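Work through the exercises below with the model open. Try each task before reading its solution.

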Amino acid sequence: MADTFSLQRVLETFRSSLSEKKEVYIKYYIAGWQELVAFMNSLGNVFSFISKDVVSKIQILENFLSGENGSHYVTIQSMVKYELENELVDLTKRGSHPESGCRTLLRLHRALRWLELFLERLRTSTEDSKTSVMCSDAYNESLAQHHPWLIRKAVGVAFCAIPGRDTFFDVMHVVALLGESLPLIAEVYQITEDLYAKNNLLELP
Ligand code: 1PX
């Protein structure tokens, strides 16, 4: 399965997620995540607790998108507006909307930052760099701040099973593409980050 992964496809999917007005289409945003999940699954069972969580979050967003209010879930911008205006978000503690689109997407958004940091490390790494170290450094700098101790421990175990640098480059095919995909992922991340910051949504429970 690993050889069917292409960073090119991830790149194209995230590129399609940006509208001309720099809004982010949820349909393509989650499609990008689906590609990443497929890749993670190919790495082995150690990662399945991580990919299960991503899959369940993708599913929540897909359900909104195909549901009766789907038209409000076309972009991240329209989702935020709709859910806030209709009080569909638990803002400070979990209550009647524990699985809002806003809080669900926020989890993926934070993980996108991990990906950005990891790929940047991979891009600038040298032959003797260790992927497990790049992974955990990127994790400590991003997602770890939002995870309790037990999850951080489990994640630490998974990191030990990460394939080496050569495997990553083999699987990703085009090293040069990293330079191209990073700014794009960073842009999607930054647009979402600014939107969430403007609406005070960065700490949703
Ligand atoms: C070319 C390289 C591609 C690598 C692709 C791999 C993409 C991995 C993305 C990981 C996404 C993790 C999403 C986590 C979302 C989350 O924070 N969920 C937690 C909170 O959710 P809740 O609903 O309870 O508020 C949840 O508790 C998470 C549990 C699972 C642990 C997540 C650990 C993430 C570590 C990221 C490192 C992945 C290593 C992949 C190896 C390539």
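**Exercise 1: Aromatic pairs**

Tyr-73 and Tyr-82 are both buried. Buried means under 20% relative accessible area, exposed over 50%, and partly exposed in between (1.4 Å probe, protein chains only). This is a predicted model, in which local features need pLDDT of at least 70, side-chain atom pairs count only at pLDDT 80 or more, and totals for chains, interfaces and linings use all residues. Residues are numbered from 1 along each chain as its sequence is written, and side-chain values use heavy atoms, with hydrogens and water left out.

Task: classify the ring pair of Tyr-73 and Tyr-82.

Solution. Start with the rule: rings of Phe, Tyr and Trp (its six-membered ring) pair if their centres lie within 6.5 Å. Planes under 30 degrees apart count as stacked, over 60 as edge-to-face, and the rest as tilted. Next, take the geometry. The centres of Tyr-73 and Tyr-82 are 5.7 Å apart and the planes stand at 75 degrees, so the pair is edge-to-face. The structure holds eight aromatic pairs.

**Exercise 2: A pair across two helices**

Task: find which helices hold Tyr-139 and Phe-159.

Solution. First, the pair: Tyr-139 and Phe-159 sit edge-to-face, 5.6 Å centre to centre, with 75 degrees between the planes. Second, the location. Tyr-139 belongs to helix H6 (residues 131–141) and Phe-159 to helix H7 (residues 149–160), so the pair ties together parts 20 residues apart in sequence. Helices (H or I, at least four residues) are DSSP runs, numbered from the N terminus. Third, burial. Tyr-139 is buried at a relative accessible area of 5%. Phe-159 is buried at 10%.

**Exercise 3: Helix H4**

Task: list the buried residues of helix H4, then inspect what follows the helix.

Solution. H4 spans residues 76–85. Within H4, Ile-76, Gln-77, Met-79, Val-80, Tyr-82 and Glu-83 are buried. Now step past the helix. Just after H4, Glu-87 has a positive phi of about 50 degrees.

**Exercise 4: The ligand site**

Task: which residues come nearest to the ligand?

Solution. Count a residue as near if one of its heavy atoms lies within 4 Å of the molecule. Of the 25 residues around the ligand, Asp-53, Lys-57, Arg-103, Arg-107 and His-147 come nearest. Then check side-chain N or O atoms against ligand oxygen atoms. For Arg-103, the distance is 2.8 Å. For Arg-107, the distance is 3.0 Å. For His-147, the distance is 2.7 Å. Finish with the area: taken alone the ligand exposes 920 Å², and the protein buries 90% of that. Accessible areas come from the Shrake-Rupley method with a 1.4 Å probe.

Terms used: Polar contact = N/O pair within 3.5 Å; in protein donor to acceptor, adjacent residues only side chain to side chain.
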